[in-house]
Amino acid sequence: MTSGRRTLTALHLLLVWAAMAAAVPMLGFGLLAAAWGGGAASLLFVALGVPLTVGLLATAGIPAQTVVPSCGSARQRLGWAVLVFVLGTLGVGAGLAAYGADVDLGSASARIALTGAPYAVAAAFFVPSRWVRLGAVAVLAAGLVYGGFVGPAQSQQRRHEAEMAKYRQHPELLYLGTAPPGLQVSRARVGPAFFGVDYRTAHDDEKFAYVGLTVRPPLTPKLRCPEVGYEGETCTVEARGDMRRIRDLPRGGRDVTLVRRYRNAEVEVVSQTLDEIGLRRLMDTLHPLTDTELEKLMREKKIDYQF
């Protein structure tokens, strides 16, 4: 291919891209607007808009008569325009599907510019040049790889990071204790002003056990027993600052609650199945929730956000 033909080919593909980048978004917006007016309006718009767009594409092929054999005559150009329009529209449809799957296609102006690319790629396959067609194949392959693999992976990563950021809006409350023997984290809840964790029996065939952990901002300057408590409940604030509340249950057993100030938060653990010693051991293992622990909770779907 001579230098003049290369230049003419480049201008031809550029003209196809520019024409369709201008026409297709208007066609899409017009079709969307017509759809609000009812089925008849949509059909009328398609009946007028599609032939006009194909006609614009055929006009864009006139300068390429000496480069593209399919544009040699008016009838050939019309057939060429129909094929390029159909193939390019399939590409635009694939792009819309990728965009609907949250694949990043850039800014609004970049997306408008990209609408012309599938038509330019389709037009390139009609150029009788091995290198031009290989270039079109490379662009098509790059689009398929990005839209089918790279883009979705990046989208998934962005969603994952956004979800982690949502859970970490109040990192000063995200403290976790090591599960007591025989128990495991069954559910974690993140709220605007609390972080709650439920520990339950790890295996169904074992005796039921439950411990609840709640981290919240301090309710009072210093821990103190409530003025009004449950009947049969005893409450003491120890020298080390922990508050202990014990209530005898009507059917036997005890409800034990321990409250401790930990850094800038107030931590409460409560259980009717784990004794006071076990609860203190749990409190002694408190540590900031790590990214690994948070990701594990997310992966196992054991954490949610409560407004």
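**Salt bridges, sheet and cores in a predicted model**

E300 comes out as partly exposed, with a relative accessibility of 35%. Here buried means under 20% relative accessible area, exposed means over 50%, and partly exposed is in between (1.4 Å probe, protein chains only). The structure is a predicted model, so local features need pLDDT of at least 70 and side-chain atom pairs count only at pLDDT 80 or more, while totals for chains, interfaces and linings use all residues. Residues are numbered from 1 along each chain as its sequence is written, and side-chain values use heavy atoms, with hydrogens and water left out.

E300 has a charged partner: K302 forms a salt bridge with it, the closest N and O atoms being 3.4 Å apart. A salt bridge here is a side-chain nitrogen of Lys or Arg within 4 Å of a carboxyl oxygen of Asp or Glu. K302 is buried, with a relative accessible area of 18%. By this rule, 17 salt bridges turn up. Another one joins D304 and R187, whose closest N and O atoms are 3.7 Å apart. That pair ties together distant parts of the chain, since D304 sits in strand β10 and R187 in strand β2, 117 residues apart. Helices (H or I, at least four residues) and strands (E, at least two) are DSSP runs, numbered from the N terminus. D304 is partly exposed at 26% relative accessibility, and R187 is partly exposed too, at 29% relative accessible area.

A further salt bridge links R260 and D242, with the closest N and O atoms 3.0 Å apart. It also spans distant parts of the chain: R260 belongs to strand β7, D242 to the loop between β5 and β6 (243–248), and they are 18 residues apart. R260 is buried at 9% relative accessibility, and D242 is buried at 4%. Both belong to a network of salt bridges, which links E238, R240, D242, R244, R260, E276, R280 and D284.

Now for the sheet. Eight strands make up an open sheet with mixed pairing, in the order β5-β6-β7-β8-β4-β3-β2-β10. Two strands count as paired if DSSP finds at least two bridges between them. The edges are β5 (233–237) and β10 (303–305), each with a single partner strand, so one side of each has no neighbour in the sheet. On average, neighbouring strands of this sheet are turned by 15 degrees against each other, direction ignored. For such angles, axes are lines fitted to C-alpha atoms (for helices over the stretch in contact), and angles run from 0 to 180 degrees between N-to-C directions.

Strand β8 is a handy one to follow. Six of the seven residues of β8 are buried, so the rest of the structure largely encloses it. With β7 (residues 254–262), β8 (residues 265–271) pairs in the antiparallel sense over seven bridges. Among the partners, R260 is bridged to V267 in β8, and L258 stands opposite V269 in β8. The β7 and β8 hairpin has two residues between the strands, and R263 takes a positive phi near 55 degrees there. Strand β4 (residues 210–216) pairs with β8 as well, in the antiparallel sense over five bridges; here T214 has E268 of β8 as its bridge partner.

What about the nonpolar cores? A nonpolar core is a set of buried Ala, Val, Leu, Ile, Met, Phe, Trp, Tyr and Cys residues joined through side-chain atoms within 4.5 Å. The largest one has 34 residues, and F195, V197, Y199, L213, V215 and I303 touch the most other members. Strand β2 (residues 183–191) gives the most to this core, with four residues. Contact means heavy atoms within 4.5 Å. Apart from its neighbours within four places in sequence, F195 is in contact with residues including L173, L174, Y175, L213, V215 and L289. A second, separate core has 26 residues, M20, V24, V84 and F126 among them.

Some helices deserve a look too. Six of the eight residues of helix α5 (residues 117–124) are buried, so this helix is largely enclosed by the rest of the structure. The buried residues in α5 are Y119, A120, V121, A122, A123 and A124. A21 lies in helix α1 (residues 3–36) and is buried, with a relative accessible area of 12%. A21 and L114 are 93 residues apart in sequence, yet 7.1 Å apart in space, C-alpha to C-alpha.
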